[in-house]
Amino acid sequence: MIFGHIDTTDMNSIGHAGVRRAIEYAREHDLRALEPGRHDIDGDVLFANVCAYDTRAFEDCRFEAHRRYIDVQMVLEGAERIDVQFVGALSAEPFDEEADNMFLDGDAAASVVMTPGTFVACFPDDGHKPGIAVNGSVPVKKAVFKVLV
């Protein structure tokens with residue numbers, strides 16, 4: 001997992017070229033102006049899913065993980081907490097190949113509070129539980145860049 005801010009992160013410290021591309025794209029475009037849905041940047045190699053929802057109570061959120069894509073999650077409006085844990089430390093349900101997704105259960109190793117401008121890059125070994133309310137449920141608009149591994 002990488003946690004940072006799009007305005008202050010040293011791009012030379014990001015080892016994955018696709019993650020750097022996602023952050024650079026966010027720096028150069030007004031993501032808040034995007035409507036919810038998929039936005040292609042480089043076909044299936046790099047795209048952004050924009051979503052809007054209300055944050056939920058901790059117990060109503062689940063860990064998820066992906067194998068084909070790295071998630072670079074950026075909150076555009078509102079705030080949410082994301083918990084993270086290594087996939088190997090969680091109990092996993094069967095992997096859905098078509099959706100590139102599995103749900104997992106267990107305890108978090110770390111938590112970060114996402115506010116506008118911050119990002120979290122979650123790699124295939126990073127189970128992540130997004131959408132957790134910080135101080136009660138609030139509306140959130142978020143871009144999730146999908147970076148092909």
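This is a predicted model: local features need pLDDT of at least 70, side-chain atom pairs count only at pLDDT 80 or more; totals for chains, interfaces and linings use all residues.
Trainee: How many bridges join S2 to strand S3 (residues 46-54), and do the two run parallel or antiparallel?

Mentor: Strands of a sheet pair through backbone hydrogen bonds, in a parallel or an antiparallel way. Here S2 and S3 run antiparallel, and five bridges join them.

Trainee: In what order do the strands of the open sheet lie?

Mentor: The order across the sheet is S1-S10-S5-S12-S3-S2, six strands with antiparallel pairing. Strand S1 (2-5) and strand S2 (37-42) are the edges, since each pairs on one side only. From one strand to the next, the twist averages 20 degrees.

Trainee: How many helices and strands does the chain have?

Mentor: The secondary structure comes to one helix and 12 strands. Read from the N terminus, the elements run β-α-β-β-β-β-β-β-β-β-β-β-β.

Trainee: What radius of gyration does the chain have, and what would a compact globule have?

Mentor: A compact globule of 149 residues would have a radius of gyration near 15 Å, and the chain, at 14 Å, agrees with that. Its C-alpha trace spans about 40 × 35 × 30 Å along the principal axes. As for burial, 44% of the 149 residues count as buried. Among contacts between residues at least 6 apart in sequence, 81% join residues at least 24 apart.

Trainee: Is Asp-71 buried or exposed?

Mentor: The cut-off for buried is a relative accessible area under 20%. Asp-71 has 1% relative accessibility, so it counts as buried. The residue is found in strand S5 (residues 69-77). Its side chain makes a polar contact of 3.2 Å with the side chain of His-66. Leaving aside residues up to four places away in sequence, Asp-71 touches several others, among them Glu-64, Cys-122, His-128 and Phe-145.

Trainee: Which side chain does that of Lys-142 join in a polar contact?

Mentor: The partner is the side chain of Gln-73, at 2.7 Å. Lys-142 is found in strand S12. With a relative accessible area of 3%, Lys-142 is buried. Beyond residues up to four places away in sequence, Lys-142 touches, among others, Asn-49, Tyr-53, Gln-73, Glu-80 and Pro-130.

Trainee: Which backbone angle of Asp-100 is positive, although the residue is not a glycine?

Mentor: For an angle like this, check the residue type, then its place in the chain. Asp-100 has a positive phi of about 50 degrees and is not a glycine. Its place is the loop between strand S7 (91-92) and strand S8 (102-105). Asp-100 counts as buried because its relative accessibility is 3%, under the 20% cut-off.

Trainee: Where does Gly-136 lie, and how is its accessibility classed?

Mentor: Gly-136 lies in the loop between strand S11 (126-132) and strand S12 (139-148). Its relative accessible area is 40%, so Gly-136 is partly exposed; exposed would need over 50%.

Notes
Residues are numbered from 1 along each chain as its sequence is written. Side-chain values use heavy atoms; hydrogens and water are left out. Helices (H or I, at least four residues) and strands (E, at least two) are DSSP runs, numbered from the N terminus. Buried means under 20% relative accessible area, exposed over 50%, partly exposed in between (1.4 Å probe, protein chains only). Two strands pair if DSSP finds at least two bridges between them. Axes are lines fitted to C-alpha atoms, for helices over the stretch in contact, and angles run from 0 to 180 degrees between N-to-C directions. A polar contact is a pair of N or O atoms within 3.5 Å; within protein, one must be able to donate a hydrogen and the other to accept it, and residues adjacent in sequence count only if both atoms are side-chain atoms. Contact means heavy atoms within 4.5 Å. The radius of gyration is taken over C-alpha atoms; the globule rule is 2.2 Å times the number of residues to the power 0.38.
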